[in-house]
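Hi,

Here's the structure I promised to pass along.

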Amino acid sequence: MSSATLLTRATVGQPTLDASGALLRARLRAYERTLVLADTAIIVLAVVAGYFGRFNYVVGPFGGGAPVGSEIPYYVVCPAIVLGWLASLKLLRCYDDRVLGYGADEYRRVTSGSLRLAGAVAILGYIANVGVARGFLALTFAIGIVGLVGGRYVARKWLHRARTRGAGWSRRVLVVGDAPHVLELVHTLRREPYAGYRVVGACIPDALLAPVPQRLGDVPVVGSFRSILESAAATGVDTVAVTASGELTAARLRRLGWQMEGTGIDLVLAPALTDVAGPRIHTRPVAGLPLIHVEAPEFRGARKIVKGFVDRSTALLGLTLAFPLLLMIAIAIKLDSRGPVIFRQIRVGQGGKEFGVFKFRTMVVNADEMLAKLTANNEHDGLLFKMRKDPRVTRVGRILRKYSLDELPQLLNVVIGHMSLVGPRPPLPSEVARYDVDIARRLLVKPGITGLWQVSGRSDLSWEDGLRLDLYYVENWSLAADLVILWKTVGAVMASRGAY
């Protein structure tokens, strides 16, 4: 399909300037002020808790200025730590609206700013020979870091809900580029509305611009490459996102950046390379060019050894703690329907090696024989078979599936080494037989009990979205990301999203 055929006529005229940009900026400033106040309260509470926890002594008009046996004026030290902590967060740009509400950078900056201050206080205390109690500092910063990260998490969830509802908390974006690349970027941004980017218009090459109003999908075409600034002003956007186009040369982009200086509109370049996490990307200026270096994915080495150790030790601990629950589930399955308690199914693991995955049986014993008659009722696209009201599922099985309890025996697969706690979904041999080269990259790492697919909708995901999430994990896995996914799994399981 040519680029020209992707354009359809619009039934509305050109958009006019509105106050949405000013409203968004005002709301973001209010959000930042709220974060500052919340961080201040958390830091003050952390300092007070650290003091009481270490000295069990009240500072104030009824308790004096320093603990018994100490010459350190903690009535000065405590406020100084609070002010220094806030200054450290400000210096590391923890209140920059470009990092608020999306990605791990916000949490990293908060943690880094706190740890840097802790190190500075320890070094200054040593140099000045000031004996600030180490227990006080340890408690204060431990409580403070946990509190700050937790506070940001709560604030972020509120912001995500506001953005998803479309309550005016998202940046208005004008996308500039060739028609196919504009459509791709629009789809990517809409896939995660909580990221805070709402596309309101597009500028396309002059050759594709018609004398009548047009739409690119459902996005109005508001101008061409010759009228980017005018189109941005007319639509009231605060961000111009430039994607790939043969007509947007380096010189033209440079001039666009110059023209946008002082307008208050951000210029964002969207590279053709997608689904690569930040830690693998490094920008290095060479001969005036900001070259993007992309590190290769890591499939072996020390980090993989650590991941394997953490997986097996955690799974063994989980099996031990969950043994009473496992026993109760086994009894319920046995009383509900005839057949074995544990269902062992052949799946494909790392490197294409087959293994038997353990699950609590949730279906009748002749479920495989019934599958052929139910194929026409498949509610999932791609290579998977899913039915919301599958007649093969038992009464106890529906409860187990709703809360993913049927997957608990897979902890044994992790202990054996067939699986990981976090990874792509373990596929069936029949699915792998139809894999192409791209999909086969899922087999470069061990499959997981949970993963991005589990915390992003499970069975409600399309085959394409589930595959994209699996491949993203394969390319960008990390121990920190595993911890985040495990944490999100708890919420996804309790809410039983996409479980059937």
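Let's start with Arg165, which sits in the loop between α4 (134-164) and β2 (171-176); helices (H or I, at least four residues) and strands (E, at least two) are DSSP runs, numbered from the N terminus. Arg165 is exposed, at 59% relative accessible area, where exposed means over 50%, buried under 20% and partly exposed in between (1.4 Å probe, protein chains only). Its C-alpha atom is 9.0 Å from that of Pro193, 28 residues apart along the chain.

Before you dig in: this is a predicted model, where local features need pLDDT of at least 70 and side-chain atom pairs count only at pLDDT 80 or more, while totals for chains, interfaces and linings use all residues. Residues are numbered from 1 along each chain as its sequence is written, and side-chain values use heavy atoms, with hydrogens and water left out.

Zooming out, the chain has 16 helices and 13 strands, and 41% of its 500 residues count as buried. Of the contacts (heavy atoms within 4.5 Å) between residues at least 6 apart in sequence, 71% join residues at least 24 apart.

Now the cores, meaning sets of buried Ala, Val, Leu, Ile, Met, Phe, Trp, Tyr and Cys residues joined through side-chain atoms within 4.5 Å. The largest nonpolar core has 32 residues, and Ile43, Tyr74, Ile81, Trp85, Leu89 and Phe136 touch the most other members. α1 (20-55), α2 (74-91), α3 (105-127) and α4 each supply at least two residues of this core, with α2 giving the most, eight. A second, separate core of 26 residues includes Leu326, Val414, Val422 and Trp477.

Cheers
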